[in-house]
Amino acid sequence: MQFLFAVFCSVVYGLLMRLVFGFYSDLWQVMSIAFIFVVPLGIGALTVRFSEPQRIHSRLYCFFAPWLSSLALLIVTILLSIEGIICWVMAYPVFGIISGIGGLFMRRYLLGRAREEQKDLEDRALDAGDDFRNKGNLQVSLLLVLPFLVAEVERHIEFAPQTLSAYTSLDMAAPDTLIWHNVTRMHTISPAEDHSRLTRWMGLPRPLRAALDTLAVGGQREAVFDRGLVFHEKVFEYEPLREMAFTIRVNADEIPPTTMDEHIVIGGQYFDVIDGRYRLEPLGEGRCRLHLSSRFRVSTSFNFYAGLWAQWIMSDIQDNLLQVIRGRVEGIGN
């Protein structure tokens, strides 16, 4: 029962922080180091602070119990439609690990203070009554307000956007003319052809079709995904049967609000796709290697982490498209 109370206190704190950071978004951002990397410290500290004193001896408990508090916060914010599943999939590993660190910090402090007043903890119960229970209040309080202090510093720092790239390739046993035809005009992709892994698991829109109106520089191409996501593309390099490069523009206002979480919407404040490139490499003996690469922008104060997820997601999307093309051209060829 006391563990449930500890989880409850931690969830209330996390929920309040999410509401405060969301309400005062002009000052403090949810997509920030302060919220993603500092708030979990308080969640972990609260979980251990209000847990049964006997459990504090266990490092494993103090590290992993806060993971359950973070998971409970995840579920509550999803049920209340405050946060989307996609954002939490990306944030939960950080929340879990850092909340665990917060729990270990509180464990060390509580045990250290207890040793100062008890010469031999091995011969006495950890629970020293109200005196022990009241220890750590100052440290917890500092951890609880630390996100606001970090947020104040963070909002005065200008973080430069980072341009990253994703590269994928796939060998295909088919003539270049057939492969290139499927590159420039991709007919409707059925669910059975969809081989995405990460993006499907995260619930991101899946690709449906793409068509190029003119096989030349200046040609317009629309890549349509389900749930209203459309990539508007314009060709700026074109070599028949060899290479096609195109800019990518996504109008965030065109995307229905239910399509993607507001914090990772393509073309939004934090993430945007810049361009893409197909390159066809003949291998001989009726085989070709199709390359697909893209460049995209990540604009957060923690690009080192957000960039990893962006690369994984873009690579998964690209690999899926190449798998679709290979399935079609090799199926026709056979």
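Over how many bridges do strand S1 (residues 162–172) and strand S8 (residues 287–298) pair? In this predicted model, the two strands pair in the antiparallel sense over eleven bridges. Pairing here requires at least two bridges found by DSSP between two strands; strands (E, at least two residues) and helices (H or I, at least four) are DSSP runs, numbered from the N terminus. Within this pair, Ala-166 stands opposite Ser-294 in S8.

Residues are numbered from 1 along each chain as its sequence is written, and side-chain values use heavy atoms, with hydrogens and water left out. As the model is a predicted one, local features need pLDDT of at least 70 and side-chain atom pairs count only at pLDDT 80 or more, whereas totals for chains, interfaces and linings use all residues.

S8 also pairs with strand S7 (residues 271–284), again in the antiparallel sense, over twelve bridges. Here Phe-271 has Val-298 of S8 as its bridge partner. The hairpin of S7 and S8 has two residues between the strands, and Glu-285 in this hairpin takes a positive phi near 55°.

Most residues other than glycine have a negative phi. Ser-81, in the loop between helix H3 (59–79) and helix H4 (85–117), has a positive phi near 60°. Ser-81 is exposed, at a relative accessible area of 66%. Arg-227 has a positive phi of about 60° and sits in the loop between strand S4 (220–225) and strand S5 (230–239). With 36% relative accessibility, Arg-227 is partly exposed (buried means under 20%, exposed over 50%, partly exposed in between, with a 1.4 Å probe and protein chains only).

The largest pocket has a volume of about 300 Å³. A pocket is an open set of points on a 1 Å grid over the protein atoms alone, where a 1.4 Å probe fits, with protein on both sides within 12 Å along at least five of seven lines; lining residues have an atom within 4 Å of a point. The volume is the space filled by probe spheres set on the points. Of the 17 lining residues, Gln-29, Met-31, Glu-154, Phe-159 and Ser-301 are the closest to the centre of the pocket.

Confidence is given by pLDDT, on a scale from 0 to 100 for each residue. The protein has a mean pLDDT of 87, and 88% of its residues reach 70 or more. Over residues 120–125, pLDDT stays under 50.

Technical notes: pLDDT is the predictor's confidence in each residue, from 0 to 100. Contact means heavy atoms within 4.5 Å.
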